[in-house]
Amino acid sequence: SMAEALAGLGDELEWRRSVTAEHVAMYAEITGDRNPLHFDEEFASKSRFGKLIIHGGITAGTLNALVAERLAPGAVFLEQELKYLAP
């Protein structure tokens, strides 16, 4: 039930996902975001990140899925603020 899925204060939940180059390409196809930080290794190597990074939207979407599927099934975010400290 939904009540059983809800985590309590102090509970921890781990959910791992691997993001491949194909996922990044599919996200870019959907959104139109072809920033070279996601595709051009030489360009990305000269950035502050030093390597290719995935789109922040993939990270945000994964968080949404975690909440809606594992933490509180059927839940949706009405507001969200993210700060990416590292790739």
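What follows is a conversation about the terms used for this structure.

Guide: This is a predicted model, in which local features need pLDDT of at least 70 and side-chain atom pairs count only at pLDDT 80 or more, while totals for chains, interfaces and linings use all residues. Residues are numbered from 1 along each chain as its sequence is written, and side-chain values use heavy atoms, with hydrogens and water left out.

Visitor: What makes the contact of Glu-42 with Lys-46 a salt bridge?

Guide: A salt bridge is a side-chain nitrogen of Lys or Arg within 4 Å of a carboxyl oxygen of Asp or Glu. The closest N and O atoms of Glu-42 and Lys-46 are 3.2 Å apart, and the pair therefore meets the limit of 4 Å. The structure holds one salt bridge.

Visitor: Why is Glu-42 called exposed?

Guide: The relative accessible area decides this, with a 1.4 Å probe and protein chains only: under 20% is buried, over 50% is exposed, and in between is partly exposed. Glu-42 has 53%, so it counts as exposed, and Lys-46, at 65%, is exposed as well.

Visitor: Why does His-55 count as buried, and what does it touch?

Guide: His-55 has 1% relative accessibility, so it counts as buried. His-55 lies in the loop between helix H3 (41-45) and H4. Contact means heavy atoms within 4.5 Å, and, leaving aside residues up to four places away in sequence, His-55 touches Val-24, Tyr-27, Ala-28, Asp-33, His-38 and Phe-39.

Visitor: How do you know that the span of H4 is close to the expected one?

Guide: The expected span is 1.5 Å times one less than the number of residues. Helix H4 (residues 56-71) has 16 residues, and its 21 Å from first C-alpha to last is close to the expected 22 Å. Its buried residues are Ile-58, Ala-60, Leu-66 and Val-67, and what covers them includes helix H2 (21-31).

Definitions and conventions:
Helices (H or I, at least four residues) and strands (E, at least two) are DSSP runs, numbered from the N terminus.
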